[in-house]
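This report describes the packing of secondary-structure elements and the aromatic contacts in one model. The sequence and structure come first, and the description follows.

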Amino acid sequence: MPLRRYAGLIKEKLFSKSEEQQKVNPQRAEWDACAEDNLSHSHDQRVKQLAVDIGNQPLSLKAGPQEHLDWLMQTIETNVIPRLLVAHSSAIEANRSPLMNVRLNDPLRVDELTQLVLRDDATKAAEFVQALYEQGVPLDEIYLRLLAPVARRLGVMWVEDSASFTQVTTGIWRIKQLIYDFSPLFQEFARTDDQAPHAVLVPLPGSQHTLGLFMVSEFFRRAGWKVWGELAATQADIVVAVKTQHVDLVGLSVSTEDQLPALHRFINLLKAESLNPTIGVMVGGPIFNARPELKQEVQADIVGLDAEEALAQAEFFLQKSKH
């Protein structure tokens, strides 16, 4: 973004024709946006060099009002603004630095949150996640790099008999509650579109694992998809949904390998009964995280191993089906 955007803000605020407009000062967000754009396209050293090398241009004594304005704008753009950017850059980098210092993939951090969700006091886990968010860590990173690994860790603890069924169930419920509590913030800038694609995201009937599906639904909704996700839906419910309305994608969560034969039959049924002849079918779930090679054995259009990947593949499939 060129530096002239800064100058444009100044011109708009100082030289607007309306007296009321002259009283309006640029909002902090406007300056921050300009600084962000300029810093992202210019190295800090280049900005500093501009401030050193470029001085005010001489103005003719016979200059008219327009020349005075042009001279002022040029001076602001080439001399004042570079200096402002140099001063502002340190503040921006300071705001970004906590994110760089937080390592969500640290096994110790996963272990810490795992222990917190197993405690009797649920507030400690919430405070742990809240602290990360306040340090500047995006919620999608917290979901994917921390909450999902904690859920997988709980599953391993159940298999290894190092945690009881009650403990694991409570821990999973608390992770789901964290996602639910942060949902208003996660969806704050969700896209809205009257022509939004429709997705049915449900567990394969008989599947008991719904946390991953809940997280996937959050990502899809934030991306502007309209999602129907009745967790207790039967096969008949799902078939009725795709027969009576235009559904772009059905996502099915699968828990165990012995569900794969039923999954194959159900995918064929959905394709045959769907009102939309180009409907896509996406599958995911714990079994595919534990055994990624099963992706080759599934007759689905998409196999998503996490929420971010599932959304990316779904949107690619949607674009491809339109052409």
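## Aromatic rings and charges

Ring pairs link Tyr143, Phe186 and Phe219 into a cluster, and the structure holds six aromatic pairs, where rings of Phe, Tyr and Trp (its six-membered ring) pair if their centres lie within 6.5 Å. The model is a predicted one, in which local features need pLDDT of at least 70 and side-chain atom pairs count only at pLDDT 80 or more, while totals for chains, interfaces and linings use all residues. Residues are numbered from 1 along each chain as its sequence is written, and side-chain values use heavy atoms, with hydrogens and water left out.

Two charged ends sit over rings (NZ of Lys or CZ of Arg within 6 Å of the ring centre and within 35 degrees of the ring normal). That of Arg222 lies over Phe219, 5.5 Å from the ring centre, and that of Lys176 lies over Phe214, 5.3 Å from the ring centre.

## Helix α8 and its partners

Helices (H or I, at least four residues) and strands (E, at least two) are DSSP runs numbered from the N terminus. Helix α8 (residues 139-159) packs with helix α10 (residues 211-222) at about 170°, their axes 11 Å apart; axes are lines fitted to C-alpha atoms, for helices over the stretch in contact, and angles run from 0 to 180 degrees between N-to-C directions. The two helices are therefore roughly antiparallel, a term for angles over 145 degrees. In their contact (heavy atoms within 4.5 Å), Tyr143 and Leu147 are among the α8 residues that meet Leu211, Met215, Phe219 and Arg222 of α10. The contact residues divide into eight nonpolar, no polar and two charged, with Ala, Val, Leu, Ile, Met, Phe, Trp, Tyr, Cys and Pro counted as nonpolar, Asp, Glu, Lys and Arg as charged, and the others, Gly among them, as polar.

The axes of α8 and helix α9 (residues 165-186) come within 9 Å and cross at roughly 170°, which makes this pair roughly antiparallel as well. Tyr143 and Trp158 of α8 and Phe182 and Phe186 of α9 are among the residues that make the contact, which divides into 16 nonpolar, two polar and one charged.

## The open sheet

Five strands form an open sheet with parallel pairing, in the order β2-β1-β3-β4-β5, where two strands pair if DSSP finds at least two bridges between them. Its edge strands, β2 (226-228) and β5 (302-303), each pair on one side only. Helix α12 (residues 260-273) packs on this sheet and touches β3 and β4 (280-284), its direction making about 155° with that of β4.

How values were computed:
Angles under 35 degrees count as roughly parallel, over 145 as roughly antiparallel, 65 to 115 as roughly perpendicular and the rest as oblique. Rings of Phe, Tyr and Trp (its six-membered ring) pair if their centres lie within 6.5 Å; planes under 30 degrees apart count as stacked, over 60 as edge-to-face and the rest as tilted.
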